[in-house]
Amino acid sequence: RRALGSLGKSRAKFISAEESTGITFDDFAGQEYIKRELQEIVRILKDDEEFQDKGIYCPKGVLLHGPPGTGKTLLAKAIAGEAGLPFFAANGTDFVEDLFASARSYAPSIIFIDEIDAIGSKRGGPDIGGGGAEREQGLLQILTEMDGFKVSTSQVLVIGATNRLDILDPALLRKGRFDKIIRVGLPSKDGRLAILKVHARNKYFRSEEEKDVLLQEIAELTEDFTGAELQNILNEAGILTARKDLDFIGRDELLEALKRQKGTFETGQEDNTEIPEDLKLRLAYREAAVAVLACYFPNPYRPFTQTDIKSIRSQPNMCYNDIPGKVFARKSDYVNSIVRACAPRVIEEEMFGVDNLCWISSKATLEASRLAEFLILQTGMTAFGKAFYRNQSDLVPNLAAKLEALRDEYMRYAVDKCSSVLREYHLAAETITDVLLEKGEIGAEEIWDIYKTTARIPQPAVSP
Ligand code: ADP
């Protein structure tokens with residue numbers, strides 16, 4: 001990669017420029033439909049005269065949104081790499097003018113603005129930390145720049161990235177600005193395998209067969225992992241292999257690396273490290289809340305069997321007995337599952353305070369919002385309508401906004417319902433917590449006993 005020489009020193013500090021990124025679509029794995037859509041843009045960028053004859057123009061702006069580490073920057077670089085265009089990147093609000101000036105002098109070229117929400121958040125909307133005036137200034141600059149250049153040959157394609165589509169100023173999403181919106185989500189299991197394979201390309205395994213088996217296993221163990229985290233696992237495994245003076249990455253190294261990636265606290269059951277007392281208390285409350293909600297909204301197809309506080313993971317330890325056979329889920333079943341999923345987060349906030357949340361409930365909101373999205377997009381059971389959407393990238397901007405709004409509505413309902421259930425059954429939750437702290441585990445029968453006998457005992461009146 002060669003940096004472009006002509007940028008002044010002061011600019012170069014804030015704007016990174018590459019004549020060629022050297023990244024291609026082969027470097028991004030999973031979510032093939034994203035690549036298909038972007039490939040089209042690359043084709044237009046490369047051969048715009050032919051397309052213009054047909055009246056087809058490249059969009060001015062592409063907005064990639066999704067959680068951090070899912071490959072948005074990688075995709076932006078791949079577009080530049082595939083189209084053979086120079087790449088100018090900036091992070092956030094500063095130097096928008098310089099950024100556009102540099103990119104224009106090298107046009108056709110690609111501009112990448114990471115965390116564009118830092119500039120383009122809703123005016124007058126909920127504030128996310130100071131700098132309102134500057135942000136406004138940055139936003140206006142982008143709008144002026146984007147409206148200023150004509151859709152024509154030697155154009156500049158602006159790619160923005162954000163993980164907060166909800167706070168983005170709608171002005172940015174209007175036609176002629178970021179009119180292509182693409183959701184980059186967490187990879188599926190197949191996606192994870194494909195990503196692992198990309199990052200295993202330059203690593204040594206005993207054989208291709210063994211590599212496939214091992215990566216398949218890691219893909220299964222890494223639900224909710226991002227591409228960046230998967231890459232880290234392989235890198236870490238490589239380092240461990242070298243440290244042990246081995247020639248090939250093996251299962252032990254991969255599992256060890258996976259454990260490290262899951263976090264220093266996230267130890268497996270086979271690990272004998274003592275769990276700190278304060279974490280045990282949090283875990284016990286979390287499992288108790290999950291148990292209470294599982295009693296309140298029982299899932300007939302998936303009865304729970306037992307739970308414990310012997311291992312720390314970012315998802316509940318509750319075990320279930322999946323009953324084979326046909327499932328006829330009704331809308332209320334979907335909604336209840338969203339409510340259940342909120343339990344770890346709601347109880348932790350209630351017991352330890354919103355500023356004291358820790359990672360053991362961090363996956364709960366993610367899971368709940370994913371369930372809500374599924375209900376809205378794929379069942380046709382909500383006000384969103386009956387159309388079938390494969391994923392968010394099928395949505396045009398105003399539908400995307402409608403989805404976010406409806407999802408937020410379900411989330412608000414779920415959180416409220418979950419906390420009212422936990423208040424009503426707080427005694428059951430406390431009792432289950434005590435049992436867990438004392439014995440380390442609790443079975444379904446005892447949970448049901450406690451739930452039924454302590455049910456609906458009103459909370460003691462709070463003295464003024
Ligand atoms: P984001 O911009 O969404 O925060 P990045 O593009 O910076 O994420 O991702 C960081 C790194 O993680 C990438 O450089 C790449 O090595 C790896 N990565 C993330 N997603 C993928 C993917 N889908 N396929 C291959 N590698 C990925």
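Predicted model: local features only at pLDDT ≥ 70, side-chain atom pairs only at ≥ 80, totals over all residues.

Colleague: Fine. How many helices and strands does the protein have?

Modeller: There are 17 helices and nine strands.

Colleague: And what share of the residues is buried?

Modeller: Of the 464 residues in the protein, 37% are buried.

Colleague: What about contacts between residues at least 6 apart in sequence? How many of those join residues at least 24 apart?

Modeller: Of those contacts, 73% do.

Colleague: New topic. Where is F205 found?

Modeller: F205 is in a loop. The loop runs between α7 (189-199) and α8 (208-221).

Colleague: Which residues is F205 in contact with, leaving aside its neighbours within four places in sequence?

Modeller: F205 has contacts with E210, K211, F248 and I249. Take I249. It sits 44 residues from F205 along the chain, yet their C-alpha atoms are 5.3 Å apart.

Colleague: Why is F205 called partly exposed?

Modeller: Because F205 has 19 other C-beta atoms within 10 Å. A buried residue needs 20 or more.

Colleague: OK, on to strands. What is the order in the open sheet of three strands?

Modeller: The order is β8-β7-β9, and the pairing is antiparallel.

Colleague: Which are the edge strands?

Modeller: β8 (319-320) and β9 (441-443). Each of these pairs on one side only.

Colleague: How many bridges join β7 to β8?

Modeller: Two bridges link β8 to β7, which covers residues 304-308.

Colleague: Now α16 and α17. How do I describe two packed helices?

Modeller: You give the angle between their axes and the distance between the axes. Helix α16 spans residues 426-439. The axes of α16 and α17 come within 9 Å and cross at roughly 145 degrees.

Colleague: Is that crossing left-handed or right-handed?

Modeller: α16 passes α17 in a right-handed crossing.

Colleague: Which residues meet there?

Modeller: From α16, they are A428, T431, I432 and V435. From α17, they are E446, I447, I450 and Y451.

Colleague: How do those residues divide into nonpolar, polar and charged?

Modeller: The contact of α16 with α17 has six nonpolar residues, one polar and one charged.

How values were computed
Residues numbered from 1 in each chain as written. Helix = DSSP H or I, 4+ residues; strand = E, 2+ residues; numbered from the N terminus. Buried ≥ 20, exposed ≤ 12 C-beta atoms within 10 Å, placed from the backbone. Contact = placed C-beta atoms within 7 Å. Pairing = 2+ DSSP bridges. Axes fitted to C-alpha atoms, helices over the stretch in contact; angles between N-to-C directions. Left-handed = near helix turned anticlockwise from the far one by under 90°. Nonpolar A, V, L, I, M, F, W, Y, C, P; charged D, E, K, R; others polar.
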